[in-house]
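Please read the following report beside the sequence and the coordinates.

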Amino acid sequence: MTQLTFARAINAGLRKSLENDSKVVLLGEDIGALGGVFRVTDGLQKDFGTHRVVDTPLAESAIVGTAVGLAYRGYRPVLEIQFDGFIYPAFDQIVSQVAKLHYRTRGAVKMPITIRVPFGGGIGSPEHHSESPEAYFTHTSGLRVVAVSNPQDAYTVIQQAISCDDPVLYFEPKRRYHDKGEVDESAALASALPMDKARVLTEGTDATLVAYGPLVKTALDAAAAAADEGISLEVIDLRSLAPVDYDAVVASVRKTGRLVVTHEAGQSGGLGAEVAASITERCFYHLEAAPVRVTGFDIPYPYSKLEMHHLPGLDRILDGVDRALGRPNSLSGLEG
Amino acid sequence: MSTDETGHGGAITPENAGASTAAGQEFLQLITPAGERISHPEFDSWVRDITDEQLCSLFEDMTVIRRIDVEATALQRQGELALWPPLLGQEAAQIGSGRAMRADDFVFSSYRENGVAYCRGVDLTDLLRVWRGNASGGWDPYGINMATPQIIIGAQTLHATGYAMGIQNDGADAVAVTYFGDGATSEGDVNEAMVFAASFQAPVVFFCTNNHWAISEPVGLQSHIHLAERATGFGIPSLRVDGNDVLAVMAATRLALDRARRGGGPTFIEAVTYRMGPHTTADDPTRYRDANELEDWAAKDPISRLASLLDRKGLLTAELQQQVQDKADSVAAEMRRGCTTMPDPEPMDVFKHVYSTPNSWLERQQDHYARYLASFGDPAGAVSEEGAR
């Protein structure tokens, strides 16, 4: 076991993948000598060369589009999109090409492309640097979408994503890059929890609290605070956003009877809506209350002096728990 | 795809022959519209090995793909195909370039390069699968080294560039060739592809078929300069060729392929031709273009031009014409048979190949739909019953 920051853990996972498979190539802006703007690829170009770790021109559609060609040629490209808000120029290549070519070629061509995206807010950045675009991609068939929440998962899941024959969007919570955690670099990948499985982080009996990425830590803090009030929350780290491991959430909700989902992305059409609907379909007779969403607002990501209002914090999550439990809350007295 | 050796931008020099076609003539031409073989000091060498027999073979190829095109158009009119994108008029551009490639080169094309697919050895039934609605991709790309064609305009130029970067990494001497139209040159992807190709000196050939029309929009709306001139701005040497002249196209493509194989990086070819038919069978070009324009281009028809050359050389015998006709007839008959006997896909095929590995969401939907179909007793009949309800 070693103590690693989130960013170093991803770096270690990338290094291992580069060592294990000569077909793995990294492409992105500033990922070489600089090591990426968040230093996630620090030192990799020096050790693996400019053929394996490629600084590209500044063209996101080309980063993804050339990866399609490399995948045609048998490579396993790992791409860095510098910031969440920069992924949109590549949207067409991701949803029309990367996601669909396996289907369109009736399985003849594989697209084992991993797209790393630092996402979410909380670091005081200007616009286009704090977005949560995951729902655009969870809506697209053919893609897998994961969001990691701790250094150990970051290390393991990046390797699982790279070795997966399907394309994977790998969302990294950028405000957690400097968080440290224990990482077991010796554990065998084969014995790790598969990347499409959710994980129950704390067991509880009163309500199920579902989170992913940057809000997992906030959710755990909320659960600890709730425990002080005698409320027992079961916190689930979703890990995989497409597909969602509904069996894990269903098992939990059948036990607790209540569901709260939280994410930074805006509410409408977000992943919380999908989880709430699916759990309602599958657990209707076990639910004691309507599922509750605690999310960002349906606004462009706000300027940094206001971002703490937009991002679900511990108190807003606890208010959502109160709604699910029928306790006095911010909406008490309102109908609908 | 190292960034080490990429300090230079591939500017045009006399040796790489990029400028020579622009100087003094509108484009590279080796056969005049009247069928006269004219010599060119730099480009004759690229087609010197083409024998009379091979000229006849090119004539046959062009005739056959025109027949494929006409037959497919007829199949669409008869309700056998949902749509077809005709290549009428572009036979020289496709056969001249398609016959220049090696088997280990890899093609990334648009939806109109059916003549190129023919050169790659495509199964004729596979050629129609997409247009009949039986599949999203007709053939195994690795079977003929040609990617599934793109409908998204210009997306494939990036795929070709990435593939070429892979070739470079592998230390191979194959080349990626990408086909796109004049309209595609306005897309960001084509421009980004040229940036990457030039930066990494990737072995890729950009084959731009300037057929003058992007559905209803004339090429003048896309560009105020020759498309070939655009490439030089990216540091990519370019050639402008008469796209109705099969020898000129072949010479240019061979030069470009050779340059890529020798580590000389990308080349841009603008083949100036004309789409004599509609954009697709759903299009009506009489709404937007002058009949006189079509007449002018009909006079430059690529097949009759080669026929005139063959005639001048005494090669256009009745025997040759019969032989070519027979070949076209048999190919058309084979294609029609393949089209009309193509089995419909199975209902559950709709779920196949979305992912390489199991996906719990989709498996659940698949199981549900299988139960739903089974509830009718006869899975095959379920869909039609549903439609009648």
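## Basis of the model

This is a predicted model, in which local features need pLDDT of at least 70 and side-chain atom pairs count only at pLDDT 80 or more, whereas totals for chains, interfaces and linings use all residues. Residues are numbered from 1 along each chain as its sequence is written, chains are lettered from A and ligands numbered from 1 in the order in which they are written, and side-chain values use heavy atoms, with hydrogens and water left out.

## The open sheet of chain B

In chain B, 5 strands form an open sheet with parallel pairing, in the order S1-S2-S3-S7-S6; helices (H or I, at least four residues) and strands (E, at least two) are DSSP runs numbered from the N terminus, and two strands pair if DSSP finds at least two bridges between them. Strand S1 (106-108) and strand S6 (238-242) of chain B stand at the edges with a single partner strand each, so one side of each has no neighbour in the sheet. On average, neighbouring strands of this sheet are turned by 20° against each other, direction ignored, where axes are lines fitted to C-alpha atoms, for helices over the stretch in contact, and angles run from 0 to 180 degrees between N-to-C directions.

Helix H10 (residues 246-261) of chain B packs on the sheet, touching S2, strand S3 (204-210), S6 and strand S7 (267-272) of chain B, and its direction makes about 160° with that of S6(B); contact means heavy atoms within 4.5 Å.

## Strand S13 and its partners in chain A

Of the 8 residues of strand S13 (residues 259-266) of chain A, 7 are buried, so the strand is largely enclosed by the rest of the structure; buried means under 20% relative accessible area, exposed over 50%, and partly exposed in between (1.4 Å probe, protein chains only). S13(A) is joined by 3 bridges to strand S10 (residues 207-211) of chain A, the two running parallel, with Thr208(A) opposite Leu259(A).

Strand S14 (residues 292-296) of chain A also runs parallel to S13(A), through 5 bridges, and Val260(A) has Val292(A) as its bridge partner there. S13(A), helix H10 (residues 271-283) of chain A and S14(A) make a right-handed β-α-β unit, right-handed meaning that, with the strands pointing away from the viewer, the path from the first strand over the helix to the second runs clockwise.

## A buried residue and a buried helix

Ala147(A) lies in strand S6 (residues 144-147) of chain A and counts as buried at 1% relative accessibility. Leaving aside neighbours within four places in sequence, its contacts include Phe119(A), Phe171(A) and Tyr212(A).

Helix H4 (residues 91-98) of chain A has 6 of its 8 residues buried, so it is largely enclosed by the rest of the structure; among the buried residues are Gln93(A), Ile94(A) and Val98(A).

## Pocket lining

The lining of the largest pocket draws at least two residues from each of helix H6 (134-138), helix H9 (246-256) and H10 of chain A, and from helix H14 (360-374) of chain B. The largest share, 6 residues, comes from H10(A).
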